Amino acid sequence: MNTTLSPLLPLKETIAERRKPAISRREDVAFLRSTVATVLFVAIVLTLFCVFFGFHIVKGSDMFPSLADGDLALCYRTNDFKKNDIVFYEADGETHCGRVVAKGGDKIRISEGGTFTVNGTVQESEIIYPTYPRTFDGDYSAEVPEGMVFILGDFRTEAKDSRDCGFISVDDIGKKVITIIRHRKF
């Protein structure tokens, strides 16, 4: 039986030799397609990440001890803010970091003695610094307008926040902090 197939053996070898470049080109095209698909996928994911998420470096000590100068924060863009969300916002031409403590419609009061209330409820949390009004004429009371928020820094005695720049428009809030990646300079 081998003797009858032996005349076809050189023909099979010739066909196999001629197919090698075509098979090699097919493998190259498949590799190129998978590489282009991978690069395209990474580019789309990176673009979506940059549009909806981002990193922000904390500058200053407004949020000390929660956040320190040089900390790296992972953030995302949203217009839905809740009380106690830490956000980056624009005020007086600068980017600041602070905590949303009251939203539109809430009534706030900061007493001379350092008591902070929202809608008549004393706001007690892990914030260790008392909240004093910036003016020394007595208590500060206001109602937060709709579409605005009242933001305080955690370092309440030194932070620049809504007590200095007034209510912050929701449109001026750039990013909401998801998590902190510690990168402190000390």
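The legends below describe close-up views of a predicted model. Residues are numbered from 1 along each chain as its sequence is written, and side-chain values use heavy atoms, with hydrogens and water left out. Because the model is predicted, local features need pLDDT of at least 70 and side-chain atom pairs count only at pLDDT 80 or more, whereas totals for chains, interfaces and linings use all residues.

View 1. Two strands are taken to pair if DSSP finds at least two bridges between them; strand 2 (residues 72-76) and strand 11 run antiparallel and are joined by 5 bridges, and Tyr76 stands opposite Lys176 in strand 11.

**View 2. Lys175 in strand 11.** Lys175, found in strand 11 (residues 173-181), is buried yet has no salt bridge, and the nearest side chain of opposite charge, Glu90, is 8.2 Å away. Buried means under 20% relative accessible area, exposed over 50% and partly exposed in between, with a 1.4 Å probe and protein chains only. A salt bridge is a side-chain nitrogen of Lys or Arg within 4 Å of a carboxyl oxygen of Asp or Glu; Lys and Arg count as positive and Asp and Glu as negative, while His and the chain ends are not counted. Leaving aside neighbours within four places in sequence, Lys175 is in contact (heavy atoms within 4.5 Å) with residues including Phe55, Cys75, Tyr76 and Phe88.

View 3. In the loop between strand 1 and strand 2 lies Pro65, and the peptide bond from Phe64 to Pro65 is cis, with omega near 5°. Asn84, in the loop between strand 2 and strand 3 (86-91), has a positive phi near 80° and is partly exposed at 48% relative accessible area. Asp92, in the loop between strand 3 and strand 4 (94-103), has a positive phi of about 55° although it is not a glycine, and is exposed at 57%.

View 4. A search of the whole structure finds 0 disulfides, a disulfide being a pair of cysteine sulfur atoms within 2.5 Å. The sulfur of buried Cys75, with a relative accessible area of 0%, is 7.8 Å from the closest cysteine sulfur, in Cys97, too far for a bond.

Definitions and conventions
Helices (H or I, at least four residues) and strands (E, at least two) are DSSP runs, numbered from the N terminus.
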